[in-house]
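Subject: Structure handover

Hello,

Here is the structure we talked about. Please open it alongside this email.

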Amino acid sequence: QVTLNQSGGEAFHFMSIANDTKRWVSKYDTRTAKEVGRYWSVIPRDCSSSDGPPCTGGKDNQLRPNASRSYHPSRTAIDLFGNVWVANRGVDDQGSVTKIANDPSSCIDRNGNGTIETSSDLDNDGVIDANEMVTPNDWLDAKKYDECVLFTTPLGGTSGIGPRALAISVGFEGTSGDVWVGVHNEKKVVKLNASNGQPAPLSSTNSNTSIALGF
């Protein structure tokens, strides 16, 4: 339940759970208890279209996933549009925050083939198997990833623990809400732009942005 005000809210029937050791996030339908999506928790920057820091040699110069490397996904939070935000702690590696689209209409056709490549329970057995999950054959190419994983923003240093807490506060009318991230080792809270994941000014004309972050 996402509480919009004291008298009402918006109910979503999906929950997303981070799996630290497996390096992915699973999406479940709470009405059926079936897994309906499974996503790698970190994606390199798509240098051809993403906002944010410049890329080096066509690749993101901070996030370099491979077949065995884990960025330790931990906390998840749901914005007012049902999108999932994932805090990847890093743990002596680059910490980050990833946004995963709730609705296929918000996913990005990065490879330009006219379809959205994303995980789905093709045999309806309630589990996303390896052949039902989009696994890149090139871990450094964003175009090979699940197209409902929108972007990953590096946050914090590369030693210790990075993003550890997540919260979505009230945003302006018609927006998904402000995204707030607690960065553990740096002992600070960062506000992110919900559209592109880049750090945003902490000041706002919207006075209703009080939140509580648990570290």
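Below are notes on a sheet, a core and some salt bridges. Keep in mind that this is a predicted model.

The sheet

Start with the open sheet of 3 strands. Its order is β10-β11-β12, and the pairing is antiparallel. β10 and β12 are the edge strands, each pairing on one side only. From one strand to the next, the twist averages 25°.

Take β10 and β11 next. β10 covers residues 163-169 and β11 covers residues 178-183. The two run antiparallel and are joined by 6 bridges. Within this pairing, Leu-166 has Val-181 of β11 as its bridge partner.

On to β12, residues 188-192. It pairs with β11 in the antiparallel sense, over 5 bridges. Val-183 stands opposite Lys-188 of β12. Gly-182 has Val-189 of β12 as its bridge partner. β11 and β12 form a hairpin, with 4 residues between them. In the turn, Lys-187 has a positive phi of about 55°.

The core

Which residues have the most contacts inside the largest nonpolar core? They are Trp-85, Val-97, Ile-100, Leu-166, Val-181 and Leu-192. The core has 32 residues. Elements giving two or more residues to this core are β4 (24-29), β5 (34-40), β7 (84-88), β8 (96-100), β9 (149-154), β11 and β12. β7 gives the most, with 4 residues.

In general, nonpolar side chains of soluble globular proteins tend to be buried together.

Salt bridges

A search of the whole structure finds 6 salt bridges. Here are some of them.

Asp-20 and Arg-89 meet through their side chains, at 2.2 Å from N to O. Asp-20 is in the loop between β3 (14-19) and β4, and Arg-89 is in the loop between β7 and β8. The pair therefore ties together parts that are 69 residues apart in sequence. Asp-20 is partly exposed, at 23% relative accessible area. Arg-89 is buried, at 16%.

Asp-93 and Arg-69 form a salt bridge too, at 2.6 Å from N to O. Asp-93 lies in the loop between β7 and β8, and Arg-69 in the loop between β5 and β6 (73-78). This pair ties together parts 24 residues apart in sequence. Asp-93 is buried, with a relative accessible area of 17%. Arg-69 counts as partly exposed, at 26%.

Then there is Arg-38 with Glu-35. Their closest N and O atoms are 2.8 Å apart. Are these two residues buried or exposed? Arg-38 is buried, with a relative accessible area of 13%. Glu-35 is buried as well, at 2%. The cut-off for buried is under 20%.

Best wishes

How values were computed
Residues are numbered from 1 along each chain as its sequence is written. This is a predicted model: local features need pLDDT of at least 70, side-chain atom pairs count only at pLDDT 80 or more; totals for chains, interfaces and linings use all residues. Side-chain values use heavy atoms; hydrogens and water are left out. Buried means under 20% relative accessible area, exposed over 50%, partly exposed in between (1.4 Å probe, protein chains only). Two strands pair if DSSP finds at least two bridges between them. Axes are lines fitted to C-alpha atoms, for helices over the stretch in contact, and angles run from 0 to 180 degrees between N-to-C directions. A nonpolar core is a set of buried Ala, Val, Leu, Ile, Met, Phe, Trp, Tyr and Cys residues joined through side-chain atoms within 4.5 Å. A salt bridge is a side-chain nitrogen of Lys or Arg within 4 Å of a carboxyl oxygen of Asp or Glu.
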